[in-house]
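Q: Please take a close look at one part of this model, the packing of its helices, and set it in its surroundings. Which residues make the contacts, and how are the nearby residues placed?

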Amino acid sequence: MKNLRKWTALAAVMAMTATLFTGCGSTDAPASEATAPAAESTAAATTETGAEAPAADGELAADVQEIVDRGVLRVGVKNAVVGFGFQDTLTGEYSGLEISLAEKIAESLGVDVEFTAVTAATRTELLDSGDIDCVLATFTITDERKQSWDFSTPYFTDYVTVLVEDKSGISSLADLVDKKVGVSSGSTSAKALVKAMIDAGLIDGSGFDADTFDPALWTTGMSFQQYDDYPAISTALSAGEVDAFCVDKSILAIYKTDGRSYIDDKFSPQEYGVATTKGSGFSAYVDELVQGWLADGTIDSLITENGLE
């Protein structure tokens, strides 16, 4: 696993004393990795996520200080999504946009980074249990999810689409009527596909409720088979267990091999953010960093570097 150089806890606190103040999380004056906005008052600020930002005297939020004291930032990442989070099976090394962002967050704290491979079904469980400090795993921001977890400002926007075997003859949303689609457990892909089909007038939407939608129960015009991870869906597509594989296009890219194609349609923009514990000081800390990296072009450079343009 790729680790960053570990500073001493004292050096980390001194560095953060110089860079973190009341403006943490502000949308009108984002800070870069190296520089935070000057404090305007001695009172703690409240960010858009509802998390309390560090006080103006430089004191770190308790949960941020805990990470510094521990010396390791624990991050949930994908391990099979090229460009975002991918682990080389031979070397064990991780690479991708989200890996680089996790490393930069750890670097700002002066600690090492520890990666835990997560799926759409396990990432929030591990965050809720405290086994990891944050999630960078192509995690789409939704209003429903924001009720349970904090999300940083989006660092990437993708779209949902569908991958099929060329021999299936499927090339559009219309061709998916009465088909079985493979999706990942815990993802929003099935709901996004059903909504796109309804909006296109291809299936009856009278029984659709976005708040209560369950892929396992949906049978109107199409059905879904849920799997624990993406490789399992790809295998099921090859075996004919499902007719199509639906998820964010960036995730599908690794599975688009010879004899497979995307359908013509893409839909449902997916904004990815760093997920953290609801109302935590770390939420404010991370959002400040992400806003700064968006403002100074760091994230754009990482997107280009990882072939995600």
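A: A residue is called buried when its relative accessible area is under 20%, exposed when it is over 50%, and partly exposed in between (1.4 Å probe, protein chains only). The model is predicted, so local features need pLDDT of at least 70 and side-chain atom pairs count only at pLDDT 80 or more, whereas totals for chains, interfaces and linings use all residues. Residues are numbered from 1 along each chain as its sequence is written, and side-chain values use heavy atoms, with hydrogens and water left out.

The setting comes first. The protein chain has 10 helices and 14 strands, these being DSSP runs (H or I of at least four residues for helices, E of at least two for strands) numbered from the N terminus. Of the 309 residues in the protein chain, 49% are buried. Among the contacts in the protein chain with a separation of 6 or more, 73% join residues 24 or more positions apart; contact means heavy atoms within 4.5 Å.

The close look starts with helix α3, residues 97-109, and helix α9, residues 281-295, whose axes come within 11 Å and cross at roughly 115°. Axes are lines fitted to C-alpha atoms, for helices over the stretch in contact, with angles from 0 to 180 degrees between N-to-C directions. The two helices, α3 and α9, are therefore roughly perpendicular to each other, a term for angles of 65 to 115 degrees. Their crossing is right-handed, that is, the near helix is turned clockwise from the far one by less than a right angle. On the α3 side, the contact involves Leu101, Lys104, Ile105, Ser108 and Leu109, and these meet Phe282, Tyr285, Val286, Leu289 and Trp293 of α9. By class, the residues of this contact of α3 with α9 are eight nonpolar, one polar and one charged. Here Ala, Val, Leu, Ile, Met, Phe, Trp, Tyr, Cys and Pro count as nonpolar, Asp, Glu, Lys and Arg as charged, and the others, Gly among them, as polar.

Helix α3 also meets helix α10, residues 298-305: their axes come within 9 Å and cross at roughly 140°. This crossing of α3 with α10 is again right-handed. Leu97, Ser100, Leu101 and Lys104 supply the α3 side of the contact, and Thr298, Ile299, Leu302 and Ile303 supply the α10 side. The residues of the contact of α3 with α10 comprise five nonpolar, two polar and one charged.

The C-alpha atoms of Ser283 and Asp150 are separated by 6.4 Å, although the two residues are 133 residues apart along the chain.

Two threonines of one loop complete the account of buried residues. Thr138 is found in the loop between β6 and α5, and at 3% relative accessibility Thr138 counts as buried. Its phi is near 40°, a positive value in a residue other than glycine. Thr140 has its place in the loop between β6 (134-136) and α5 (143-146) and is buried, with a relative accessible area of 6%. Residues up to four places away in sequence aside, Thr140 touches Arg145, Phe151, Asp248, Gln270, Glu271 and Tyr272.

Ser268 lies in strand β13, residues 267-272. Its phi is near 50°, a positive value in a residue other than glycine. With a relative accessible area of 27%, Ser268 is partly exposed.

Technical notes: Angles under 35 degrees count as roughly parallel, over 145 as roughly antiparallel, 65 to 115 as roughly perpendicular and the rest as oblique.
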